[in-house]
Amino acid sequence: MVTRTVLVEADGGSRGNPGPAGYGAVLRDAATGEVLAERSEAIGTATNNVAEYRGLIAGLAAAAELGADEVEVRMDSKLVVEQMCGRWQIKHPGLRPLAAEAAQLVGGFTAVRFSWIPRDRNTHADALANAAMDAAAASGVATPTVEPPRLVEPPRRLGGPEPAGGGAAEVAARAEAPGADLTSAPVSWEPRPSFTATRLILVRHGETEYTEQGRYSGRGDIPLSSRGRAQVRATAARLAALAPDTVAVVSSPLSRCVATAEAIAAAVGDLPVRRDDELIECDFGAWEGRTFAEVREGWAGELDAWLASTRVAPPDGESFAAVAERCARVVRRLLDAYPGQTVVVVSHVSPIKLMLRDALAATDSFLHRLYLDAAGVSVLDRWPDGGVAVRSVNETAHLTSL
């Protein structure tokens, strides 16, 4: 069965905020970019944010009419994108019913992904919104003030607890997670026998000079520093005690990971190290080797967009969403190859954070709130029926004497 993916570009505006308002939405074939449908309307006197939500709702409704299975929503409203992804609270009571209506539409698709785009990449939807407002102004017909619909009952909960920002964003937040939907994994307090699970021990490589200097370190093959080599020896000793029954050690191909993996492999039974290219760090593109302050100075807008959405990539780089997709493939391969066994996975900050995010069925906010030390160890168990148990995150006790 062919999955149909539709791109929705939506925008809304108000001349006065509040003032005469309208929205526009463009639907495109995701593969070809062909315009499939357009929606626009003048909505009377309203705020920018109300108009933006109305554009989103119109776009999602049109995607449903086209029979879309998956939807990629692109908007230049950071507020709407962040609220629909569950990262920002919906504080204004007038927006909650609109967000709830959007969330109900989201629930009708297999997957919906939201991403922020700059205004100059949303010109088609913007033009539709302005044309609708112009037409209403030219008609000379008075348009009513738009009052957001009254929320009669709480938004329908579509799985999992409601986020702090209200119930509207939960579906959208879960839909962004790539790979298997761990929110649907069996829920139970009943203890599970660990020997039936595949245990993945996630290890971040030891320090490099870039780690110590706080520089973006992606695809550049930066070797371990002297402190990093000491950390690796301590980590190998820790793994020998923690997981003497390890059957495989898998590593990113970069030397800082391979050196870490080789020390661990020798300590747990002189195992070979298997390199997996999909465990490599995120490609930070133009930001490689630069500090956060340097990136903020040179790419302020791009940095804000990147921090706001996992689907935005650094200039000439790779998005976290793309990293998550390849990491999900790695996990599936390991579960298939080593059922009920223990595997050590040596990788980098971004892949490990994303694997833990998905294991915990967390939202993208998790990525900014979790700190992973160099040579830190995290342990998670995965059962054949989809059950997950995160046993530990960022263990560093073995490094305290260094």
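Q231 is buried (under 20% relative accessible area, with a 1.4 Å probe and protein chains only), at a relative accessible area of 2%. The model is predicted, and local features need pLDDT of at least 70, side-chain atom pairs count only at pLDDT 80 or more, and totals for chains, interfaces and linings use all residues. Residues are numbered from 1 along each chain as its sequence is written, and side-chain values use heavy atoms, with hydrogens and water left out.

Q231 belongs to helix α7, residues 226-242; helices are DSSP runs (H or I, at least four residues) numbered from the N terminus. Apart from neighbours within four places in sequence, Q231 is in contact with G206, E207, A374, A375, L399 and L402, where contact means heavy atoms within 4.5 Å.

A322 is located in helix α11, residues 320-337. A322 is partly exposed, with a relative accessible area of 29%, a class that lies between the buried limit of 20% and the exposed limit of 50%. The C-alpha atoms of A322 and T310 are 8.5 Å apart, the two residues being twelve apart along the chain.

The axes of α11 and helix α12 (residues 349-359) come within 9 Å and cross at roughly 70 degrees. Axes are lines fitted to C-alpha atoms over the stretch in contact, and angles run from 0 to 180 degrees between N-to-C directions. The two helices are therefore roughly perpendicular, a term for angles of 65 to 115 degrees. F320, V323, A324, C327 and V331 of α11 meet S350, P351, L354, M355 and R357 of α12.

Methods
Parallel < 35°, antiparallel > 145°, perpendicular 65-115°, else oblique.
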